[in-house]
Amino acid sequence: MYRIVRKKILNPTVTLMDIEAPKVAKKAEPGQFIILRVDENGERIPLTVADFDREKGTVTIIFQVVGSTTEKLNHLNEGDCLSDFVGPLGRKTHTDGLKKVAVVGGGVGCAIAYPVAKKLHELGCEVHSVIGFRTKDLVILEEEFKNASDKLMLMTDDGTAGEKGLVTDALKRLIESGEKYDEVITIGPLVMMKFVCALTKEYGIKTVASMNPIMIDGTGMCGGCRLSVGGKTVFACVDGPEFDGHLIDFDEAISRADMYKSFERKKHGDTCNLFQKEAE
Amino acid sequence: MANMSPVKNPMPTQDPFVRNKNFKEVALGYTPEMAINEAQRCLNCKHKPCVEGCPVKIHIPAFIAEVAKGNFEEAYRIISLSTSLPAVCGRVCPQENQCEGKCVRGIKGESVAIGRLERFVADYHNANTTKKQTRPPTNGHKVAVIGSGPAGLSCASDLAKMGYCVTIFEALHLAGGVLIYGIPEFRLPKDIVRKEIEGLCDLGVEICTNTVVGRTVSIDELMDEEGYEAVFIGSGAGLPKFMNIPGENLKGVYSANEFLTRINLMKAYLPDSDTPIWHPEKVAVVGGGNVAMDAARCAKRLGAEVYVVYRRGMEELPARAEEVEHAIEEGIIFKTLTNPKEILGFYDKENKRNEKNGTVCGIKCVEMELGEPDASGRRRPVEKADSEFTIDVDCVIMALGTTPNPLIKDTTKSLETQKWGGICADENGRTSKEGVFAGGDAVTGAATVILAMGAGKTAAAAIDEYIKSKSNNS
C-alpha cells in the first residue's frame, strides 16, 4: 500500500499529493509517469510525475478531477493509502545540450511542465515559461515557475490574472521579439499543444509535446495508448510520453481521448451520487 | 481389465446458449465416477509415449493408475513431483498435440483424456485439502524471477523447493501473468490461479507486484546492489502486433491484449469495476489463434455478434480444436479465407461534434485462396481478384500475436537478443550474461503455457547448478 503523506488543494479542481513510494522516488525523472489504482476495483490511470523527493521516498502527483477515478482519489486524505502505485514509466525528458528553452504549459499540464522547467533551470539552461489558465482561480504553481524561469509569462483566457490571451499569443510574441529557442517543450490540453506545435512549425523551432493518452499497463502491453507520429504508430507508454510535436497526429489523439466519454459520464454521475449519499 | 471404450468420457459443460451470456467456467469437470472410469481406459503401456509428449514429463500412467484405484490424493502427489500448476495445465494445455497426441489408445479411437484427469485430480485436491505445503529449509541463496506468468511461477516453485530464497517481480498489480490478464475466467477461473500462487507463497516465495524491471529496478541493480546471485527472466511476449492497415487507430479498435486485459485483469464486465470497456453490437476479431478465440468468446459474452476473420481456412486455424468447437457452439461466425484491408470509420460531415465521429463502422476485406506451401509448410493465402467486401462492425479486435517487450533488453548490459526481440538463451536457459537465465515466451516468442513452464523448470535446474558450482569454487 502507498500512503498519502501530504495533500494540498491547488485550486477547486486540481489537487497535489505526495505519495510514499520509495522505489519509484529513487528512479523518477522529469517527463516520466506513474500508474495508480485507488482501490481494489479501481481503474489503472496514468499520471505524470510532478516532483519527487529521493530522501523522503515520496513522489508528487498533481491531478485534475475529470472522472470517477480522479474523483475517488480526490476524496482520500493524508494518511490514507492507494492500492497500487507503479513506475517510473516512460522515457525521461531529454535535456542534454539545451541552452535556451521555452516551456509552454496549460492548465493542469503546468504541473508536469514545472519539473521539466526546474530541471532545465538547475542545469543552467535559460528557461522562458509560458503558462496559461482559463481564469485566476485556476492558476497553479505560479511561484514555483517564477523560481525556475528566467522569464515567466502568465496568461488567462479572461485576463483576471497575468495577461489576457492564449499561450500561443505569448509564445508568438517572444519568438517575434527575437528570442531564439533550441527547443519548445509543451504540456497541456491536446488542443493547446496542437496549436503550439502549429505555431512553432511556422518558425521551424523543434518542439516536444508530452502526451497522456488512455492506457492500462504502461509497459507496452495493451497498445491502447497508440498514437500516429510521423505516419507511424507508436505507443506513448514506452516510446514516449514525449514526441516530436510537429509529427504528432493531434486530431487522431483528440478523437481517441474521448473513447470512453459516455462511460465516464455515467460512472462520474454514479460516484458523485455515492459521495452525496455518504454525506447524507 | 482395461475399459475398452473407444471414446473419452465426455466433459460435462454448460449449455452453449447459456454460457455465451456468462463468464462462468464452460467445462464443469469430471465426477469421481467419470474420472475412475476414464482412468481405466489407460493401458499402462510399457513405452509411456505420453510422458515423452509432456513438456514437464509428468508421470502420467502412474498418476492415472492411482485415479483408477480412487487414490486421488496419491495421484496429486505424483503430478506435483513434475508440475506446480496442475489445475491450470489440466485446463489450458494443448493435450491433443502433447501427451494425448502420443497416447496408444488414440491409434484406434480417442486417446485417454489425460488433461481432464489432471484437472480432476488437481481440483479434487484443492477442494479437499487444507494442508499447506511445508516450507523447505532455506539455503540462503537469493534468486530473482522476473514475471509471474507460467515460466516464472514454475521456475520459482522448483527453486523454492530446493531451498532458494526466491523473489518474483511483477509489473502489474496482480501475479499470474497471462493466466490472469489473458486467459478468460470461463476457461481458467482466476480463483484457481490465485490458489496455485498461494501455494507458491506457502513455499516461501516472495512476490513483489507493481515492480517494472527495467524501470523500477534494473537487472544489474538486482545483482550488484541487492544481492541476487542469479536472475530468471520470464517476462513473456506482451507487445501486441497490429496490421498497419488504414483505420487501425480508430476508436473501437482494440489489440486482443487490451480487450482481454480490460475484461480479465480489470474485470470491466462487472458493474462495480471502474474500468470501462465498449459493449459493441458487432465485432470482427482478426486472427485464428487461441487468443483470437478468447477475445471472440469474451465479446460474445458482452452481447455482441462476433465474426472471426482469418486469412487461411478452418483447417489451418492455429487455435486448439476444442476452443474452435466451443466458439462455434457459442455462435461465433467464422469468416475464413478472408483478409482485412482497411478499417472504416464513421464521420458526420454535418456535425463535427457527433460523439460517434472517429469510431469504427466497418471492416473492408478481401477473399483469399490457398496457394503453394510457404516456408512454414502451410499453404500461403493469396488474394482473389475483385473480391472486396465490407462487414458492418462497430469494433475490431486485432489478435495477430505478440512479441517480447524490449524494456529488459534495453536496460540490461550485455544481454543479447534476436533480431525480432527474443532473448538469446541456450537449451538450459543460459543467456549471454553470467548468472542471468531466461525462458518462456521471452525467449521463444508467443507459445503455450506448458512450454513456458517447461522452460522455467529447466532453467531452475540450471540456476541450481550454476549457484552450486559458484559456491564450491569460492
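**View 1. A salt bridge joins A:Lys119 and A:Glu29.** The two side chains sit 3.2 Å apart, N to O; the rule asks for a side-chain nitrogen of Lys or Arg within 4 Å of a carboxyl oxygen of Asp or Glu. This is a predicted model, so local features need pLDDT of at least 70 and side-chain atom pairs count only at pLDDT 80 or more, while totals for chains, interfaces and linings use all residues. Residues are numbered from 1 along each chain as its sequence is written, chains are lettered from A in the order in which they are written, and side-chain values use heavy atoms, with hydrogens and water left out.

**View 2. Domain 1 (2-89) and domain 2 (100-257) make up the division of chain A.** These bounds come from an automatic or database domain assignment. Taken over C-alpha atoms, the domain centres lie 21 Å apart. Domain 1 of chain A brings 20 residues to the contact and domain 2 of chain A brings 23 (heavy atoms within 4.5 Å).

**View 3. About 1700 Å² is buried between domain 1 and domain 2 of chain A.** That's the accessible area (1.4 Å probe) that the two parts lose on being put together, summed over both. Carbon and sulfur atoms give 62% of the buried area. The rule also finds 2 salt bridges across this interface.

**View 4. Strands 1 (2-11), 3 (33-37), 4 (45-48) and 6 (58-64) of chain A each supply at least two residues of the side of domain 1 that touches domain 2.** Strands are DSSP runs (E, at least two residues), numbered from the N terminus. Strand 6 of chain A gives the largest share, 3 residues.

Conventions:
Helices (H or I, at least four residues) and strands (E, at least two) are DSSP runs, numbered from the N terminus.
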